[in-house]
Structure formats: C-alpha cells, structure tokens
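Subject: Structure for you to look at

Hello,

Here is the structure I promised to hand over. Please open it first, then read my notes below.

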Amino acid sequence: MSQTDYDLIVIGAGPAGLTAALYAGRARLSVLVLEKAAPGGQILVSDWIENYPGFVEGISGADLMTNVLEQARRFGMETRSAEVASLDLGDTVKRVHLSDGALSAKSVIIATGASPRKLGVPGENTFWGQGVSTCATCDAPFYRDSLVAAVGGGDTAVQESLFLTRFAKKVYLIHRRDQLRAARILQERAFENERLEIIWDSVLTEIKGGASGVTGVAVKNVKTGDLTDLTVHGCFVWVGTVPNTGFVPAVIDLDAAGFITVNSRMETSVPGVYAAGDVRNTPLRQVATAVGDGAIAASEAIHYIENLK
Ligand code: NAP
C-alpha cells in the first residue's frame, strides 16, 4: 500500500475535528489536525454554553475547547496552523495542498465549520471591524452604556444580544419576521430583558457612519414600508452561516445551500473522505451534534483505513 505522511488528516479544529482526532488517536492512527485560525473553532467566541451535557452550570466556549484540545493531544494528535488551498483525492492517497507544500493521508475528515453570513447592505463592508461585528464576546466591552443594533432572530442573535445587554445601555434586535427562530428559553430571556428591544418585521437597509465609526442604522418595516433611522454606535450581524468549503473540489457533492452532503456515516461522495459538524448538511448545528459527527466520521475513517491494508 502507498506510504502517506499521516493515516488521517482532519481539516478544522472545532468540536467536530478535535473529537474525530481524539477517536482516531485512541485507535492509534497517526493524526494531523490543520487549522487556519486558533484551535477551537467558532465556539471559542461563545461566552457561555449551557446545552452541552455534563456541565451543570454551563461552561465557556474557550474552556470547553481548551479541555478537548488537551484531551486529543493526550492520544497523540498533532496540530499545525495552516490554511488548506485544495485537495487532490486519489483512490488510496489523499493530498492536502497548503501554501507551502502538500501533505498526504489515507483518509481526510473535513470539519471546517461555517462562517457568519453577511447582510450585504451599504456600510457593512465599510465599517466591518470598525463598529460592525459578529463577535459579542470580542467587542461587547467597547459598547459599555452605548446604543447598539443587532440583526437576526436565531439562537446566535438572541443569545449574543442578551450578552450585549450586560454592557450596552440598549440593544435593538432587528428581526425580519414577527416570531423569533431561537430556542424558547432564549426567547423568554429576551422578552424579560429591559435593555433588549425587538424591532419586529423589519430589515436593516444601511449602516451609517463617519470617521469615528458607526453612528446609526436605517431600518425598514417590511409590512408597512416605513423607514426609521436609529442612532447606534455598533451593529452586530447574526443572520446565519455559510459553509467553509472554498477549497473543496467539485468531486465532493454539496447541497443547494453549499453544505457538504454526507450520509449517516458522514461519508462524502468520495470514498475515504468524511465531513463532520457545521460544514455538512445537518438539521442542527450545536456542539453536541458536531461532537457526535466527529466520533462517527473518525470511526468510519478507522474502518476505511483498516480495509486498505
Ligand atoms: P439561523 O438559525 O440560521 O438563524 C438565522 C437568523 O437570521 C434567522 O432568524 C433568519 O430569519 C435571519 N436571517 C437570515 N438571513 C437574513 C437576512 N438576509 N436578513 C435578515 N435576517 C436574516 O442561524 P444562527 O442563529 O447563527 O444559528 C446557526 C446554528 O447554530 C443553528 O443550528 C443554531 O441552533 C446553532 N446555535 C445554537 C446555539 C445554542 O444552542 N445556544 C447558539 C448559537 C447557535 P428567519 O427566522 O426569518 O429565517
């Protein structure tokens, strides 16, 4: 059989990727995890996770992922900070191309997650990082006693807006419908929070500002057509995610929204290549589901590699 640099290369060091590495390490495979940002994934910026089992009072995203990283390293996982440019997926050797060369493995697990979706309104790019943000944990302290806008109605928008209210004087949560998509418990907290005002049936049409950053947003009521200007000093965008699949070759099937299509064994359309976590077609994107995906993907990769011998 062909020699490869590693048995398994996992792309992405979020909950799915690190769990896959932990399982593969315990099966005594040689495992490399590639991550372009800090190991831990999107959940690193989640202030508090209270729906991951085993932590009665909850746990911060950073603490949870530090533990998982250490745990996977105990079983031999190697990590490397690198961005994958492309994949070359042969029958027995999979090549992972980086900016400074290529690495080979018998099997690959893609666990690159998803990134926040942009709104595409005027001002969003101009003030990105200068008043427009997707990370409350990173940026909320800049808005102490200020007015801020947030957009979205899902778990992220409501949970992060609640976090913002610990700092901001007022958070306007702009949602395009008259009902939130977020979990009921988050909705209840939002309705009880006096610093959070939900602006229903409305879309943000422009982010305004000047040299000092964001000064306001324009909001349109989709039922009445009324336009309102809100004075705010920051704007947070939480309108869902887009999968991180820029390097994924066309031989890997994607669904209509661009997420990698897998079966219940996390198998993609290419034998020996698996996808796990937020990057795949899944009805639920949580740490708990990503962890389960990572475990299944690794278990299947272990069998696949065994059968190559
Ligand atoms: P999401 O569930 O897809 O919700 C996106 C929200 O943005 C929806 O309310 C949607 O409105 C709105 N939206 C989408 N496009 C828009 C646009 N162009 N303009 C205005 N509004 C727009 O995304 P998410 O909240 O980021 O959550 C992603 C996944 O992570 C979900 O599976 C979620 O359960 C999970 N998550 C879980 C937790 C938790 O368990 N505590 C925390 C964070 C995230 P509509 O409702 O009208 O479609």
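By class, the side of domain 1 that touches domain 2 has 2 nonpolar, 2 polar and 2 charged residues. Here Ala, Val, Leu, Ile, Met, Phe, Trp, Tyr, Cys and Pro count as nonpolar, Asp, Glu, Lys and Arg as charged, and the others, Gly among them, as polar.

This is a predicted model: local features need pLDDT of at least 70, side-chain atom pairs count only at pLDDT 80 or more, and totals for chains, interfaces and linings use all residues. Residues are numbered from 1 along each chain as its sequence is written, and side-chain values use heavy atoms, with hydrogens and water left out.

The rule also finds 2 salt bridges across this interface (a side-chain nitrogen of Lys or Arg within 4 Å of a carboxyl oxygen of Asp or Glu). Arg189 forms a salt bridge with Glu50. Their closest N and O atoms are 2.7 Å apart.

**The domains themselves**

Domain 1 covers 6–115 + 242–306, and domain 2 covers 118–237. These bounds come from an automatic or database domain assignment. The two centres, taken over C-alpha atoms, are 31 Å apart. In contact (heavy atoms within 4.5 Å) are 6 residues of domain 1 and 9 residues of domain 2.

How much area do the domains bury between them? About 500 Å², with 34% of it on carbon and sulfur atoms. Buried area is the accessible area (1.4 Å probe) that two parts lose on being put together, summed over both. In domain 1, Val45, Asp47 and Glu50 lose the most area to domain 2, together 77% of what that side buries.

**Strands**

Strands are DSSP runs (E, at least two residues), numbered from the N terminus. Two of them pair if DSSP finds at least two bridges between them.

- S4 (residues 84–89) and S5 (residues 94–98) run antiparallel, joined by 5 bridges. A hairpin of 4 residues links them. Asp88 stands opposite Arg95 in S5.
- An open sheet of 5 strands has the order S8-S15-S9-S10-S11, with parallel pairing. Its edge strands are S8 (132–133) and S11 (196–199).
- S9 (residues 147–151) pairs with S10 (residues 170–174) over 5 bridges. Ala149 has Tyr172 in S10 as its bridge partner.

Best wishes
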